[in-house]
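Please walk through this protein chain with me, one piece at a time. Keep the structure in view as you read.

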Amino acid sequence: MMGRGIRASAVEVLSLNIQSLLGTYNVLNGEVQRILASHGIELESDSSRRWYPLEAIIRSLEDIRERIGTHTLRAFGSQVPRMAILPPQVDTFEQILPLLDDAYRRNHRGEGDIGGYHYQPLKKNSGRLRSDNPYPCEFDQGLLDGFHARLPPRSSAFQLRIVHAPEGCRSRGAEACTYVLTW
């Protein structure tokens, strides 16, 4: 993952995001904790404001994909919005989409090119999101699912439809993933 042009060896991630991984499935906690520990990430109950190396997190997610599966990565991504601190004026899915990049940057610190989220609204209840960060594609799709669940859209859509555009996928070595979102 980090080999796609992302240069983030000095970047760190806020531990709240990592703790969402452990809160997803109690049955998997042991395996996930072992994977994180194998990359030097030891979480403690009082570590909610600690910072961890981004490279170690990405390597952990790659191992989770290999050992546990892609559905788990998507489930992990869907948990991140539960702990996200949002501006008080944000109360719908449509409002968070243009702010994803800013929220992403607030949860990372240090020098390096970490990519981001680039949102473009389309017609009513749809948009295009280009993601060129180092996180796995499935993790980002889960993140979008999680925000859709936490922040109901103004439309009556019960589900978010995420269609991966044909431009390429980070899981296959592309620089970015582009998603067409409909809600």
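**A turn, a sheet and a core**

Start with Asn125, which lies in the loop between strand 4 and strand 5. Helices (H or I, at least four residues) and strands (E, at least two) are DSSP runs, numbered from the N terminus. This is a predicted model, in which local features need pLDDT of at least 70, side-chain atom pairs count only at pLDDT 80 or more, and totals for chains, interfaces and linings use all residues. Residues are numbered from 1 along each chain as its sequence is written, and side-chain values use heavy atoms, with hydrogens and water left out.

Back to the turn. Asn125 is not a glycine, yet it has a positive phi of about 60 degrees. Most residues other than glycine have a negative phi. The turn belongs to a hairpin formed by strand 4 and strand 5, with four residues between them.

Strand 4 covers residues 117-121 and strand 5 covers residues 126-131. They pair in the antiparallel sense over five bridges. Two strands count as paired if DSSP finds at least two bridges between them. Look for Tyr117, which stands opposite Ser131 in strand 5.

Which strand comes next to strand 5? Six bridges join strand 5 to strand 7, and the two run antiparallel. Here Arg130 has Thr178 of strand 7 as its bridge partner. Strand 7 also pairs with strand 6 (residues 161-164), again in the antiparallel sense, over four bridges.

The loop between strand 6 and strand 7 holds Gly168. Gly168 and Thr178 are 10 residues apart in sequence, and their C-alpha atoms are 7.7 Å apart in space. Leaving out residues up to four places away in sequence, Gly168 touches Ala174, Ala176 and Cys177. Contact means heavy atoms within 4.5 Å.

Step back to the whole chain. It has seven helices and seven strands. Read along the sequence, their pattern is β-α-α-β-α-α-α-α-β-β-β-α-β-β. Among contacts between residues at least 6 apart in sequence, 69% join residues at least 24 apart.

How much of the chain is buried? Of its 183 residues, 51% count as buried. Buried means under 20% relative accessible area, exposed over 50%, and partly exposed in between (1.4 Å probe, protein chains only).

In soluble globular proteins, nonpolar side chains tend to be buried together. A nonpolar core is a set of buried Ala, Val, Leu, Ile, Met, Phe, Trp, Tyr and Cys residues joined through side-chain atoms within 4.5 Å. The largest one here has 41 residues, and Tyr135, Leu144 and Leu181 touch the most other members. Among the elements that give it two or more residues are helix 7 (137-150) and strand 7 (177-182). The largest share, six residues, comes from helix 3.

Take Leu144 as an example. Beyond its neighbours within four places in sequence, Leu144 contacts residues including Phe93, Leu129, Ile162 and Leu181.

Finish with helix 3. Its buried residues include Leu54, Ile57, Leu61 and Ile64. How far apart are its end C-alpha atoms? Just after helix 3, Gly69 takes a positive phi of about 130 degrees.
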